[in-house]
Amino acid sequence: MKNICIVVGARPNFIKVAPIIWAIDKAKSAGEKISYMLVYTGSCDDATLEPSLFDDLQINKPDVYLGVNCSSLNELTGMVMAEFERYLSSHQTDVVIVVDDLASTMAVAIVTKKCGICLAHLVAGTRSFDIKMPKEINRLVIDGLSDYLFTAGAGSNSIVTREGASLSQIYMVGNVLIDTLRFNHSRLRRPQFFDKLMLNDKGYLVLTLNRKCLFSNEEKLKCLILSIIEASGMCPVIAPLREKAASVVASLGIDNSKFVVLPSMPYLEFGYLSANARGVITDSGNVAEEATFNNVPCITLNSYTEHIETVTQGTNVLVGENPDLLKDVVADMVAGRWKKGTLPDRWDGRTAERIVRILIEKN
């Protein structure tokens, strides 16, 4: 029996590991000797995990909660290391799968290798090339420790190869987020507020905000939002924001009936909102990937992206934090003047299947 431990450090990670869980369950039903445990580094009462999330993703809740929750990244790293070491000491584990680039992910990676267990990194080879970013340090450490580097594309393969990874460690499996999007495409739910706000498909813009550095400069953030509102014309701007982001935006004192801030939404409802928008404005790489998959115009409020294929092949455009450029590009978005995107290689919905097959076949 091959025992897999899948570790998740934040809500977006669940969306990426769901297809891995489906694929393991399918392989097990077909007679393969494989099982998994789902471990969440946070607590069972984490407010960021809406009650419908696991039903929406059609997966069970985590088997184990490490219960770590603190604001200091260094303190969090140490606490996760201690708790995950306790977990490994009492659970037979052959492979640990970690996702993305959180401090908790790095902590789990370090403990896994210290315990002599195989480590698999999902979405390996992702880089901003900005060593000042804590997440960039996390990525370098996790990839450097991993036995299996599961990459989304050829660009990521080149990065980990240049950094010294052996070709035998690198597997270009594709974008696992697309597996989730394809699976749920027919299950998306039209939010009830569409009728109240009189929204029509392709008749509104979506704004998401997550980056802490955007919130730290409130004057700049206000300029960016006002640029979006001005350029949007009669097109309403719908901004589903988490509590902290909503609080910062509320403090800006923006009073415009076309700019609607809503609480964060269930997964399937946000999926409908973004898939049927005229355009999406975001600082999230995952949201930009979803927009490319849905062929929805996308603007990223950053000067770079770790998901460059969304720009080179997809519908994404980078504007940095330039309010004048943002205004011009939003005007193009509303007017329908936008490039045509194509799906990058291996966005076929079979990424998880390839990953599980590799884990089963390798010793």
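Let's start with a cysteine: the sulfur of C213 is 16 Å from the closest cysteine sulfur, in C223, so that gap is too far for a bond. C213 counts as partly exposed because its relative accessibility is 41% (buried is under 20% relative accessible area, exposed over 50%, partly exposed in between, using a 1.4 Å probe and protein chains only). The structure holds 0 disulfides, a disulfide being a pair of cysteine sulfur atoms within 2.5 Å.

A quick word on the ground rules. This is a predicted model, where local features need pLDDT of at least 70 and side-chain atom pairs count only at pLDDT 80 or more, while totals for chains, interfaces and linings use all residues. Residues are numbered from 1 along each chain as its sequence is written, and side-chain values use heavy atoms, with hydrogens and water left out.

Now for the sheet. Strands of a sheet pair through backbone hydrogen bonds, either parallel or antiparallel. Here, 7 strands form an open sheet in the order β3-β2-β1-β4-β5-β6-β7, with parallel pairing (two strands pair if DSSP finds at least two bridges between them; strands are DSSP runs of E, at least two residues, and helices runs of H or I, at least four, numbered from the N terminus). At the edges are β3 (64–65) and β7 (170–172), each pairing on one side only. Further in, β5 (residues 118–124) and β6 (residues 148–151) share 4 bridges in the parallel sense, and L122 has F150 of β6 as its bridge partner.

Helices cover this sheet too. Helix α5 (residues 134–145) lies across β4 (95–99), β5 and β6, at about 135° to β5. Helix α16 (residues 351–361) packs on the sheet, touching β1 (2–8), β2 (34–40), β4, β5, β6 and β7, and its direction makes about 165° with that of β6.

Elsewhere, helices α10 (residues 218–231) and α11 (residues 243–251) pack with axes 10 Å apart, at an angle of about 85° (axes are lines fitted to C-alpha atoms, for helices over the stretch in contact, and angles run from 0 to 180 degrees between N-to-C directions). So α10 is roughly perpendicular to α11, a label for angles of 65 to 115 degrees. E218, L221 and I225 of α10 meet V248, V249 and S251 of α11.

Finally, S274 is part of helix α12 (residues 267–275). At 5% relative accessibility, S274 counts as buried. Leaving out residues up to four places away in sequence, S274 touches V206, V280, E290 and V296, where contact means heavy atoms within 4.5 Å.

Note on methods. Parallel < 35°, antiparallel > 145°, perpendicular 65-115°, else oblique.
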